[in-house]
Amino acid sequence: MNITQYEHAHLAGILALCEAEQWPSFPADPKRAHKVLTAPGVTTVIALDGDLVIGFAYLQSDGHIQAHLSQMAVHHAYRRKGVGRALLEYAAPLTGAQRIDLVTDTAEAFYTSFDHRALSGFRIYPG
């Protein structure tokens with residue numbers, strides 16, 4: 001496994017992971033997805049097995065204090081093999097932040113394995 005920063009060549013692999021998770025936002029508009037994954041303040045990292053994208057993490061940060069893990073996915077066949085932890089450990093210093101907040105509805109057991117403090121959270125859909 002190799003962890004590296006996102007490049008456009010990785011986009012198809014990220015879209016495939018999102019489709020497998022039934023997350024429609026990135027696959028709906030690949031050009032927009034690339035812009036999001038490379039926007040200012042964004043850190044996107046990829047896990048590779050050879051040329052196969054087996055995971056990705058997309059974080060947004062102010063570069064000093066706060067980061068938010070907006071999306072992370074690992075290919076089903078590679079779960080419970082350290083890929084998610086490796087992605088976060090590689091990405092965290094790149095954000096420049098002191099902490100990372102996130103929302104999950106499927107991976108609570110994974111995230112509780114990190115040093116953490118649980119807080120209540122909300123996802124707001126304006127308009």
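A polar contact is taken here as a pair of N or O atoms within 3.5 Å, where, within protein, one atom must be able to donate a hydrogen and the other to accept it, and where residues adjacent in sequence count only if both atoms are side-chain atoms. The structure is a predicted model, in which local features need pLDDT of at least 70 and side-chain atom pairs count only at pLDDT 80 or more, while totals for chains, interfaces and linings use all residues. Residues are numbered from 1 along each chain as its sequence is written, and side-chain values use heavy atoms, with hydrogens and water left out.

The chain contains five helices and five strands, these being DSSP runs numbered from the N terminus (helices H or I, at least four residues; strands E, at least two). Along the sequence the elements follow the pattern β-α-α-α-β-β-β-α-β-α. Of the 127 residues in the chain, 35% are buried, where buried means under 20% relative accessible area, exposed means over 50%, and partly exposed lies in between (1.4 Å probe, protein chains only). The chain exposes about 8300 Å², of which carbon and sulfur atoms supply 52%; accessible areas come from the Shrake-Rupley method with a 1.4 Å probe, and for residues only the protein chains shown count as cover. Among contacts (heavy atoms within 4.5 Å) between residues at least 6 apart in sequence, 58% join residues at least 24 apart.

The five strands form an open sheet in the order S1-S2-S3-S4-S5, with mixed pairing, two strands being paired if DSSP finds at least two bridges between them. Strand S1 (2-5) and strand S5 (99-102) stand at the edges with a single partner strand each, so that one side of each is left without a neighbour in the sheet. Direction ignored, neighbouring strands of this sheet are turned by 30 degrees against each other on average. S1 and S2 pair in the antiparallel sense over four bridges, and the bridge partner of Gln5 in S2 is Val45. Helix H4 packs on the sheet and touches S1, S2, S3, S4 and S5, its direction making about 145 degrees with that of S2; for such angles, axes are lines fitted to C-alpha atoms, for helices over the stretch in contact, and angles run from 0 to 180 degrees between N-to-C directions.

A nonpolar core is defined as a set of buried Ala, Val, Leu, Ile, Met, Phe, Trp, Tyr and Cys residues joined through side-chain atoms within 4.5 Å. The largest nonpolar core holds 16 residues, of which Ile14, Phe26, Leu37, Ile46 and Phe56 touch the most other members. Two or more residues of this core come from each of helix H1 (11-21), helix H3 (30-37), strand S2 (42-49) and strand S3 (52-61), and H1 gives the most, with five residues. Apart from this core lies another, of 15 residues, which includes Ile3, Val45, Leu59 and Val74. When neighbours within four places in sequence are left aside, Phe56 is in contact with Ile14, Leu17, Cys18, Trp23, Phe26, Val45, Ile46, Gln71, Met72, Ala73 and Leu87.

In H1, the buried residues are Leu11, Gly13, Ile14, Leu15, Leu17 and Cys18, and these pack against helix H2 (25-28), H3, S2, S3 and S4. In the loop between S1 and H1, His10 counts as buried at 10% relative accessibility; not counting residues up to four places away in sequence, His10 touches Thr4, Gln5, Ile46, Leu48 and Val53. Thr43, placed in strand S2, is likewise buried, with a relative accessible area of 8%, and touches Ala57, Tyr58, Leu59, Ala91, Leu94 and Thr95 when residues up to four places away in sequence are not counted.

Several loop residues are exposed. Gln22, in the loop between H1 and H2, has a phi near 65 degrees, a positive value in a residue other than glycine, and counts as exposed at 70% relative accessibility. Arg80, in the loop between S4 and H4, also has a positive phi near 65 degrees and is exposed, with a relative accessible area of 87%. Lys81 lies in the loop between strand S4 (66-74) and helix H4 (83-95) and counts as exposed at 59% relative accessibility; a polar atom of the side chain of Lys81 lies 3.3 Å from the backbone oxygen of Ala77.
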